[in-house]
Amino acid sequence: MLMIGILLIAALLSPAHAMSFSALPDWLEIEAQLEIEVTREQNFDLAPPPSETLHVLRPELQLATSIRPGPGIDGFLLLELAHAFDLQDETDNDELTHAEITVKEAFITITGQALLRIPLSIQVGRQSLEDEREWWYDDELDAIRLIFHVSRFRLEATLARFALYDEDLANSQGADDTDFYHLYAQYAFGSFFTLAAYGLIQDDNKPEGERPAFLGLRVSGVVEPGLRYWLDAAHVRGKSEGQRLRGWGLDVGFLYTFDLVTQPLLMFSYAFGSGDDTPESSTNTGFRQTGLQGNSASYESVTDIQYYGELLDPELSNLHIFTAGLGFRPFEEASVTVLYHIYRQHTPSDELRDVAIDAEPTGLSPDVGREVDVVGGWAPDPFELKLIFGAFFPGNAFEPEAQNAFFAECRLTVEF
C-alpha cells in the first residue's frame with residue numbers, strides 16, 4: 001500500500017506530468033474536492049442552563065488519483081488534509097488541536113476479466129468497504145478483497161485489518177491489530193427482489209478480547225413504481241469481555257414516492273436491537289452493530305441522511321427506533337427531508353451504546369426520547385450544499401431536569 005502511494009505521488013510530481021488536470025495523459029486521472037463544514041452542538045450533556053455549546057469549523061481537502069499502468073490493472077490513492085477549529089476557543093478536545101493528513105484509500109485492482117477472461121477481480125490495499133445502507137459497514141480497511149461478479153450474482157471475500165499502519169501521516173496513532181474476515185453474497189432476482197447475505201468475524205487478537213461474529217440477511221426491492229422496501233436482519237454471536245454474545249437486530253421499512261412534480265415521499269421504518277436483561281450472567285443477549293457501520297442512506301434526496309438521527313446518531317443496540325419521514329424535491333437539484341424518531345430501550349439500562357450525546361440515562365425507564373431532523377440539500381454541479389437541523393427531546397430515561405439538545409450543520413462541497 002505504501003508503494004502504491006509512492007508510485008502515484010511520483011507520477012504526479014514528475015516533470016513529464018506536471019501539467020493541468022485537463023492535459024493529463026489517458027492513464028492518469030486526478031480529482032480534487034474541497035469541503036467546508038460548520039457545526040453547532042448545543043447542550044449535548046442535557047444539563048440545565050447555562051448550556052454548553054460547541055462551534056466547529058472543519059475545512060477538508062481531498063485529492064484522488066487514479067492510474068492505469070496496463071490493461072486490467074488500476075491504482076487508486078485518496079489523500080485527505082483536514083483541520084477542525086473551535087470557533088469559540090473553549091474546548092479541550094484533542095481532535096481540534098492538530099491537522100490531519102490521512103491516507104483514506106490506497107489500493108491496486110486487478111481485473112481478471114481483462115487478463116484471464118473471467119469475471120473476477122482482486123483489490124489489495126487500504127480500501128473502502130460500504131454496503132447499500134451502511135448498516136453493516138462503511139469504513140476504510142487494509143484488505144485483500146476478491147470480487148466475483150457475473151450478471152445478477154455477486155460474491156465477495158475479504159481479509160482485512162483495521163490499520164496495518166498509521167492512517168494519519170501527521171500524527172502517530174499506532175497500528176490496530178483487529179482482524180476482519182468477511183464473506184458477502186448477493187443475487188438480484190429482479191428489481192422487485194434482491195437477496196443478500198453476509199458473515200463477518202472480528203478478532204482483536206487479545207487473549208480476553210472482542211471476538212464477535214455477525215450473520216446478516218438483507219431483502220430489498222421495488223414493489224411497484226415509486227414504492228420500495230428493505231429488510232435487514234442480523235444475529236451476533238462470539239464473545240466479549242468474558243461473556244458469550246447472543247443478540248439479534250433488524251431494520252425494516254418502506255418508502256413511497258408520489259408521481260408529482262415535487263416528488264413528495266412518505267417513509268416509515270422500525271429498527272430493533274436486543275438488550276441484555278441479565279447483565280450478570282455469562283451470556284450477553286444484547287445486539288451490537290459491527291463497529292464499521294455508517295447508518296446513512298439517501299431517501300430519494302440529493303444528500304445522504306443519518307437515518308437513526310442526525311443528533312443522537314445511536315448504534316442499534318438495546319433500542320427500538322420508530323421513524324417517520326416526509327420529503328420533497330422543490331426542483332430537480334434540491335431536496336428537503338423531515339424525519340421524526342422515537343427511541344425506547346428494549347431493557348432499561350444506564351448506558352447507551354455509541355451515541356453523540358454525553359448524558360447517560362438512569363436505567364429506570366426505557367423512554368429515551370424523541371428527535372426531529374430537517375435535512376436540506378442542493379447539488380448543482382460541481383457544488384453541493386447540505387443544511388441540517390436536529391433537536392433531541394429527552395424522555396423519562398434521563399434525570400427529570402434534563403434539557404433539550406440541538407444540532408446544526410452547514411456543509412459546502414466543491415469538486416474540481
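The second largest pocket holds about 550 Å³ of space in this predicted model. Its lining is made up of 20 residues, and those nearest its centre are Asp-276, Asn-284, Ser-317, Ser-349 and Glu-351.

The structure has 4 cavities of 30 Å³ or more, and the largest cavity has a volume of about 50 Å³. Two elements give two or more residues each to the lining of this largest cavity: β19 (319–331) and β20 (334–345). Residues that line the largest cavity include Gly-327, Phe-328 and Arg-329, along with Ser-335, Val-336 and Thr-337. Thr-257, Gln-263, Leu-265, Tyr-299, Glu-300 and Ser-301 are also in that lining.

Here are the two linings by residue class.

On the surface, you can look for a nonpolar patch with about 910 Å² of accessible area together, formed by Leu-34, Ile-36, Val-38, Leu-61, Leu-81, Phe-85, Leu-87, Ile-101, Phe-383, Leu-412 and Phe-416. Which strand gives the most to the nonpolar patch? Strand β1 (residues 28–42) does, with 3 residues.

Leu-412, another member of the patch, sits in strand β23 (residues 405–415). Leu-412 has a relative accessible area of 35%, so this residue counts as partly exposed.

Conventions. Residues are numbered from 1 along each chain as its sequence is written. This is a predicted model: local features need pLDDT of at least 70, side-chain atom pairs count only at pLDDT 80 or more; totals for chains, interfaces and linings use all residues. Side-chain values use heavy atoms; hydrogens and water are left out. On a 1 Å grid over the protein atoms alone, a cavity is a set of points where a 1.4 Å probe fits but cannot get out, and a pocket is an open set with protein on both sides within 12 Å along at least five of seven lines; lining residues have an atom within 4 Å of a point. Grid points are joined across faces, edges and corners, and a volume is the space filled by probe spheres set on the points. Helices (H or I, at least four residues) and strands (E, at least two) are DSSP runs, numbered from the N terminus. Patches are made of residues with over 30% relative accessible area and no salt bridge: like charges are joined within 9 Å, nonpolar side chains (Val, Leu, Ile, Met, Phe, Trp, Tyr) within 5 Å. Accessible areas come from the Shrake-Rupley method with a 1.4 Å probe; for residues, only the protein chains shown count as cover. A salt bridge is a side-chain nitrogen of Lys or Arg within 4 Å of a carboxyl oxygen of Asp or Glu. Buried means under 20% relative accessible area, exposed over 50%, partly exposed in between (1.4 Å probe, protein chains only).
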